[in-house]
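Here's a quick briefing to read alongside the sequence and the 3D view. Have both open and follow along.

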Amino acid sequence: MQMDTFDTIRMLPKVELHIHILGSIRPETLLSIIDADGIKAPYTSVEEIVKRFEYTDFANFIRSYMEIVEYITNEDHFERITYEMLENCVKSNVRYVEASFSPRDHIPKGLDFEKIADSINRGIQRAKQDFGVETNIRVDLVRSSSIEQAMEILDMIENKPDNIISIDLGGNEAQDPPGPFAEPYMRANTMGLHRVAHAGEAAGPDSIWEAIRSLDVERIGHGVTARQDPELVEYLKREQIALEMCPVSNLRTGVVSSIKDHPIREYFDKGLLVTVSSDDPSLFHTDMNNEYIQLHQQLAFTVPELFRISMNGIDAAFLDEERKIQLRISFLSELNRIIKESNL
Ligand SMILES: [Zn+2]
């Protein structure tokens, strides 16, 4: 088979560590949910939804996201959304996923935490059977929540451990800095949960320092603005705190002016533990194949460098060491097969 570099990049095995379940909803699925539930929405076609998923800035994006939250009036919808999200991941040869949901957004609409988690898990199980993809869940405490509300979510997780492996802090960081969440994060740590926070996306490097110092995070969601602070870049490198970078997301929300302007190349070259994810693939018109191809086209990442990014994903994953070794072995054997087939 004659393969070009793009085919090779698509074939690379990948890890997706930063993906929001609701931000992965297919426009067709959103439309069918709206129709089936008889909801009044400002759009009546897939084309109109796709057009609505275009933003001029971060605040605009959050508004679009919250609009979707309004249309999810039944926990069962999460099964289909999760299954389809994973079906899309597999098309990019993603083998392991850590997917996030934000119960705080749905509870005021009368949805139940346990039912949402069960519904997501049905989607995960079906996707595992059909595609072999492995998935764990992280729960976004939502930074606009009060500390009491965050603690309530931790109570719910405590009663329902399953495959919830981590907490996260998403939302508008420019409005709500991470510091006040120190107490819930400390409790999550004692509960054996891993800790991530979105930081350095819509706010400066101080937001990243605060997430590290106050929340004791193990990974940073985004971390784009770390480049403004050389001391922080050095610290991230020294401590090997993984960055879940989402280049296309950052382009769509105006965090960077172009992929060429994205700091991922600089961080990678300096030896930071850089990973790549698609964030809200439907809302940003992207997928993991596209993320890798953009890095190749715009920032000259070679196939071996992109494979390194996949391996970084395994290093940064919240999996035990034994599982990581198995994944590394299978990724390496896939790479060998790809090299043979593509005559690299
Ligand atoms: Zn995110």
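**Starting inside the sheet**

Four of the five residues of β4 are buried, so this strand is largely enclosed by the rest of the structure. Buried here means that 20 or more other C-beta atoms lie within 10 Å of a residue's own; exposed means 12 or fewer, partly exposed is in between, and the C-beta atoms are placed from the backbone. Helices (H or I, at least four residues) and strands (E, at least two) are DSSP runs, numbered from the N terminus.

Keep in mind that this is a predicted model: local features need pLDDT of at least 70, side-chain atom pairs count only at pLDDT 80 or more, and totals for chains, interfaces and linings use all residues. Residue numbers start from 1 along each chain as its sequence is written.

**The whole chain**

- The protein chain has 16 helices and eight strands.
- For 344 residues, a compact globule would have a radius of gyration near 20 Å, and the protein chain agrees with that at 19 Å. That radius is taken over C-alpha atoms, and the globule rule is 2.2 Å times the number of residues to the power 0.38.
- Along the principal axes, the C-alpha atoms of the protein chain fill a box of roughly 55 × 45 × 40 Å.
- Of the 344 residues, 47% count as buried.
- Take the contacts in the protein chain with a separation of 6 or more: 75% of them come from residues 24 or more positions apart. Two residues are in contact if their C-beta atoms, placed from the backbone, lie within 7 Å.

**The sheet**

- Eight strands make an open sheet in the order β1-β2-β3-β4-β5-β6-β7-β8, with parallel pairing. Two strands pair if DSSP finds at least two bridges between them.
- The edges are β1 and β8 (274-276), each pairing on one side only.
- From one strand to the next, the twist averages 25°. Angles run from 0 to 180 degrees between N-to-C directions, and axes are lines fitted to C-alpha atoms, for helices over the stretch in contact.
- Helix α5 packs on the sheet and touches β1, β2 and β3; its direction makes about 145° with that of β2.

**Strand by strand**

- β1 (residues 14-20) pairs with β2 in the parallel sense over five bridges, and K14 stands opposite V94 in β2.
- All eight residues of β2 (residues 94-101) are buried, so β2 is largely enclosed by the rest of the structure.
- β2 also pairs in the parallel sense with β3 (residues 134-140), over six bridges; V97 has T135 in β3 as its bridge partner.
- Between β3 and β4 (residues 164-168) there are four bridges, again parallel, with V139 partnered by I167 in β4.
- β4 and β5 (residues 194-199) pair in the parallel sense over two bridges, and S166 stands opposite H194 in β5.

**Helix α7**

- Which residues of α7 are buried? They are F113, I116, A117, S119, I120, G123, I124 and A127.
- Seen down the axis of α7, these buried residues fall within an arc of 160°, so they line one face of the helix. The arc is that of the directions from the helix axis to the C-beta atoms.
- Their cover includes α5 (77-91), β2, α6 (103-106), β3 and α8 (147-159).
- At 1.5 Å a residue, the 19 residues of α7 (residues 113-131) should span 27 Å, and the end C-alpha atoms agree at 26 Å apart. The expected span is 1.5 Å times one less than the number of residues.
- G132 follows α7 and has a positive phi, near 75°.
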